[in-house]
Amino acid sequence: MAALKYLLAVLFVGVALAEPQWYNSKDGRRYLIDAEQKYNWLSAQQACARRNLQLVEIKSEDKNEALVEVLSSVFRKRPINLWLGANDEFNTKKDARRPFYWSSSGKRMDFTNWADGSPANAGSNEHCVHICAKTKNYKWSDLPCTEQIGMICEEQPAYNTHRQSLQDKGQKVMDITKKLFGSQQQEQKKSMDKLIRLIGQVVKKNNEISRYMEKIESNMSQGNGRSAELRNKELRSYIEAALKTVRELDEEIQEAAQKMNTKFSKDFNDVQKTIEYIMGNKNEDKE
């Protein structure tokens, strides 16, 4: 029974790794890994290129550690051979110090993670670099380029740079948008407080006018002659003054509302221009 479970587990792993899979590393990079042992070095390079990718290039200790962590998680205790994007340009010297070059840039390899005794160039025929399954912590070795093993592809540097640029731009857009609406909330609160205060004053004046009108009607109904006429004249002057104040307050309300809308429109347009500049749609310096 145990043997059957083990066989099923092996079969499951084989099925799971039959198709290339994307994996994310802790440093933010992404790798497409095909564990099927079917690629010579050139066919692996072309398989990556057809996906607008390249065979992985490991140029620093940090990148190597992050990738080893991914591989340790994917393959656990069953590491396999995987092509890397480097070769020695078919150097026939059996010299461990012979130069190797990264295929995408042609630059000489300056960071290495060679296994003990590698690169050996056995038979003067081991010209391509791979992650060696026989080593601990996924060390490197050289191998005949015609050997069929798995591969690791990565996004090309230009794509990585572009993707990071888009992420940076997106963050800037979010920051200025948040700032816009944060400041607008404060500005709108101030403007609304002012409008509410002005409207309150208008309501108060309208109530005064209503009381004056009621007094005039009362005086007229009582018919107190000359004294009533004088009181009504005085009340009308109060009403005229109150109406003038209402008109002035109304104008102030309209002006405050217009300023609020204009300020928001200006800030919004400024932010829109800034976003367009950040995203590269417009050049602010262009006349």
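Author: Two strands pair if DSSP finds at least two bridges between them. Helices (H or I, at least four residues) and strands (E, at least two) are DSSP runs, numbered from the N terminus. This is a predicted model, in which local features need pLDDT of at least 70, side-chain atom pairs count only at pLDDT 80 or more, and totals for chains, interfaces and linings use all residues. Residues are numbered from 1 along each chain as its sequence is written, and side-chain values use heavy atoms, with hydrogens and water left out.

Reader: What makes β1 and β2 a pair?

Author: Strand β1 (residues 21-24) and strand β2 (residues 30-39) are joined by 4 bridges in the antiparallel sense, and the criterion asks for at least two. W22 stands opposite L32 in β2, and Y23 stands opposite Y31. The two strands form a hairpin with 5 residues between them, and G28 in the turn has a positive phi of about 90°.

Reader: How do you know that β2 also pairs with β8?

Author: Between β2 and strand β8 (residues 149-155) there are 5 bridges, and the strands run antiparallel; the requirement is at least two. Y31 has E154 as its bridge partner in β8, while Y23 stands opposite Y31 as well.

Reader: Which elements does the chain contain, and in what order?

Author: There are 5 helices and 8 strands. From the N terminus on, their order is α-β-β-α-β-α-β-β-β-β-β-α-α.

Reader: What makes the backbone at E89 and Y138 worth a remark?

Author: Most residues other than glycine have a negative phi, and most peptide bonds are trans. E89, in the loop between β4 (82-87) and β5, has a positive phi of about 55° although it is not a glycine. Y138, in the loop between β6 and β7 (140-143), likewise has a positive phi of about 55° without being a glycine.

Reader: How do you know that the bond between S118 and P119 is cis?

Author: The omega of the peptide bond joining S118 and P119 is about 0°, and the bond is cis. P119 is found in the loop between β5 (101-102) and β6 (128-131).

Reader: What separation is computed for the C-alpha atoms of K233 and I216?

Author: The C-alpha atoms of K233 and I216 are separated by 8.8 Å, and the two residues are 17 residues apart along the chain.
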